[in-house]
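Try each task before you read its solution.

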Amino acid sequence: MVATERGSDELPLAGTNNNELENIEIELLLSGVHRLYGYDFRNYALPSLKRRIWHHVHAENLSSISALQEKVLHDRTCFERFIYSLSIPVTEMFRDPGLFLTFRQKVVPLLRTYPYIRIWHAGCSTGEEVYSMAILLQEEGLYDKARIYATDMNNRSLQQAKEGVYEISKMKQYTKNYLEAGGKHAFSKYYTAKYNSVIFQPDLRKNIIFAEHNLATDTSFNEFNVIFCRNVMIYFNDELRDHVHGLFCESLSRFGVLVLGAKESIHFTRYSDSYEPLDRVEKIYRKVK
């Protein structure tokens with residue numbers, strides 16, 4: 001037999017470029033999830049996305065991303081676990097107390113001038129930030145004229161947020177945060193302890209509307225005086241981040257307030273000229289045009 005050389009335009013053998021193969025597998029997985037279920041992760045930042053996908057591959061006792069794709073596309077319960085693993089909640093009551101203290105000092109006086117207040121917590125996770133806002137507004141005498149819209153793409157997290165039940169072991173840290181954020185009462189006033197959990201008072205939920213919303217694919221649904229979106233866009237690439245900033249700019253009323261996370265900024269987006277800083281350190285911006 002005569003040996004023949006492989007042509008220069010022939011594809012390399014599988015495994016010669018593991019990184020390229022991995023990226024192809026991720027692209028196919030995310031495309032399938034988007035087409036079948038309508039969830040779009042294709043513009044999430046790739047490094048953190050890879051880590052979370054591989055974590056879920058191992059959690060499902062699988063050996064490859066392709067195997068995960070097959071399971072996710074054929075098993076709805078696996079898909080739901082996958083969605084939850086991509087949006088693991090990292091939150092707490094009055095997280096970054098300095099922000100909430102500054103909000104009391106610089107934003108609450110503006111809200112007092114409004115006859116009606118609409119606040120959107122985008123990416124609300126399991127609801128701790130939402131209840132923090134409800135407590136703050138109640139203490140400032142603004143809760144009765146406010147509506148808080150709490151949205152997330154993760155239905156499991158939303159369900160916990162609706163219930164308002166959290167681990168009692170977290171209350172020590174939450175109490176510390178609350179007091180540093182300018183809290184005016186004993187924090188225990190707002191919840192009832194039972195066994196290893198606490199449930200927040202029902203009157204804190206009366207003006208909160210919980211709903212599923214995907215920042216990557218869903219549109220604006222109201223006009224808001226305040227939008228909180230903290231530590232969500234750090235997982236997005238530049239294209240998706242710009243898209244979401246456009247959504248927020250469209251959704252905010254004139255002189256509405258946008259609150260971002262500590263590692264996020266309005267700068268270097270197409271919408272930076274639409275805002276002025278109310279507090280540069282705490283990433284609080286006011287829409288001016």
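**Exercise 1. Find what the side chains of Lys106 and Asp279 form, and work out which parts of the chain they tie together.**

Solution. Step one: the side chains of Lys106 and Asp279 meet in a salt bridge, 2.9 Å from N to O (a salt bridge is a side-chain nitrogen of Lys or Arg within 4 Å of a carboxyl oxygen of Asp or Glu). Lys106 sits in helix α5 (residues 97-111) and Asp279 in strand β9 (residues 275-279), so the pair ties together parts that are 173 residues apart in sequence. Helices (H or I, at least four residues) and strands (E, at least two) are DSSP runs, numbered from the N terminus. Lys106 is partly exposed at 36% relative accessibility, while Asp279 counts as buried at 14%. Buried means under 20% relative accessible area, exposed over 50%, and partly exposed in between, with a 1.4 Å probe and protein chains only.

Some ground rules before you go on. This is a predicted model, in which local features need pLDDT of at least 70 and side-chain atom pairs count only at pLDDT 80 or more, whereas totals for chains, interfaces and linings use all residues. Residues are numbered from 1 along each chain as its sequence is written, and side-chain values use heavy atoms, with hydrogens and water left out.

**Exercise 2. Trace the salt-bridge network that includes Glu140.**

Solution. Start with Arg112: Glu140 forms a salt bridge with it, the closest N and O atoms being 2.7 Å apart. Glu140 lies in the loop between α6 and β2 (146-152) and Arg112 in the loop between α5 and β1 (117-122), so this pair ties together parts 28 residues apart in sequence. Glu140 is buried at 11% relative accessibility, but Arg112 is partly exposed at 42%.

Next, Glu140 also bridges to Lys184, with the closest N and O atoms 3.2 Å apart. Lys184 belongs to the loop between α8 (171-180) and β4 (191-194), so here the parts tied together are 44 residues apart in sequence. Lys184 counts as partly exposed, at 47% relative accessibility.

Finally, join the bridges that share partners: Arg104, Arg112, Glu139, Glu140 and Lys184 make one network. The structure holds 17 salt bridges.

**Exercise 3. Which residues of helix α4 are buried, and what do they pack against?**

Solution. First, list them: Cys78, Phe79, Phe82, Ile83, Ser85 and Leu86 are buried in α4 (residues 76-86). Second, look down the axis. These residues cover an arc of only 160°, which puts them on the same side of α4; the arc is that of the directions from the helix axis to the C-beta atoms. An α-helix has 3.6 residues a turn, so residues three or four places apart point the same way. Third, find the neighbours: the buried residues of α4 pack against α1 (18-37), α2 (46-59) and α3 (65-74).

**Exercise 4. Describe the aromatic pair of Tyr39 and Phe79.**

Solution. Begin with geometry: the pair is edge-to-face, 5.5 Å centre to centre with 65° between the planes. Rings of Phe, Tyr and Trp (its six-membered ring) pair if their centres lie within 6.5 Å; planes under 30 degrees apart count as stacked, over 60 as edge-to-face and the rest as tilted. Then location: Tyr39 is in the loop between α1 and α2 and Phe79 in helix α4, so the pair ties together parts 40 residues apart in sequence. Last, burial: Tyr39 is buried at 13%, and Phe79 is buried at 2%.

**Exercise 5. Where does Tyr131 lie, and is Tyr131 buried or exposed?**

Solution. Tyr131 lies in helix α6 and is buried, with a relative accessible area of 0%. Now go through its contacts (heavy atoms within 4.5 Å): leaving aside neighbours within four places in sequence, they include Met93, Ala161, Phe200 and Ile208. Tyr131 and Ala161 are 30 residues apart in sequence and 8.8 Å apart in space, C-alpha to C-alpha. To finish, follow the rings: Tyr131 belongs to a cluster linked by ring pairs, whose members include Phe103, Tyr166, Phe200 and Phe210.
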